[in-house]
Amino acid sequence: RKMQLFMPGLKIWLDIDRLTDIHNLEDSVSIAAVFVVYYSEGYFRSKNCRKELYTAIRLEKPIVLICKGDNSELTETIVEECRRHCNGSNSPGSSLILERIFGNH
C-alpha cells in the first residue's frame with residue numbers, strides 16, 4: 001500500500017483485505033497485471049497461497065518475489081519449502097514454480 005504513495009493510480013489487491021469469498025482467489029489473480037509473492041516462512045504450506053501461485057503460473061502472469069532475510073539462506077529455505085509442499089496433482093511442479101519465481105536460477 002505504501003507503493004501507492006509513490007505511484008498514484010496504482011491498484012493493489014491484497015487477499016487479506018478484499019477477499020470476501022475464498023472461491024474468488026483465481027478470479028482475482030486473473031485480473032492482476034503482476035502477481036507478487038510476499039514470502040514468509042510457511043508460504044508454500046498455505047493451500048490458498050499455493051492456489052493463487054498456481055493460478056498465476058498457469059495464466060503466465062509475471063511474478064515478483066518480495067522477502068526479507070539473508071539472500072543465500074533464504075533462497076535455500078524457499079526452495080526446500082516449495083519442493084516439500086508444491087507437488088500435488090494440481091501443482092505445475094516445484095521446478096517450474098522455482099523457475100518462475102527466481103528466473104533461471
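Against which elements do the buried residues of α5 pack? They pack against β2 (63-66) and α6.

This is a predicted model, in which local features need pLDDT of at least 70, side-chain atom pairs count only at pLDDT 80 or more, and totals for chains, interfaces and linings use all residues. Residues are numbered from 1 along each chain as its sequence is written, and side-chain values use heavy atoms, with hydrogens and water left out.

**View 1. Helix α5 (residues 71-85) and its buried residues.** Helices (H or I, at least four residues) and strands (E, at least two) are DSSP runs, numbered from the N terminus.

**View 2. The contact of α4 with α6.** Helix α4 (residues 47-58) and helix α6 (residues 94-102) pack at about 75°, with their axes (lines fitted to C-alpha atoms over the stretch in contact; angles run from 0 to 180 degrees between N-to-C directions) 11 Å apart. That angle makes α4 roughly perpendicular (65 to 115 degrees) to α6. L53, Y54, A56 and I57 of α4 meet L96, I97, R100 and I101 of α6 (heavy atoms within 4.5 Å). The residues of this contact divide into seven nonpolar (Ala, Val, Leu, Ile, Met, Phe, Trp, Tyr, Cys and Pro), no polar and one charged (Asp, Glu, Lys and Arg).

**View 3. The buried residues of α6.** S94, I97, L98 and I101 are buried in α6. They cover an arc of only 95° around the axis (from the directions to the C-beta atoms), which puts them on the same side of α6. The buried residues of α6 pack against α4, β2 and α5. G103, with a positive phi near 80°, follows α6.

Technical notes:
Angles under 35 degrees count as roughly parallel, over 145 as roughly antiparallel, 65 to 115 as roughly perpendicular and the rest as oblique. The expected span of a helix is 1.5 Å times one less than its number of residues. Buried means under 20% relative accessible area, exposed over 50%, partly exposed in between (1.4 Å probe, protein chains only).
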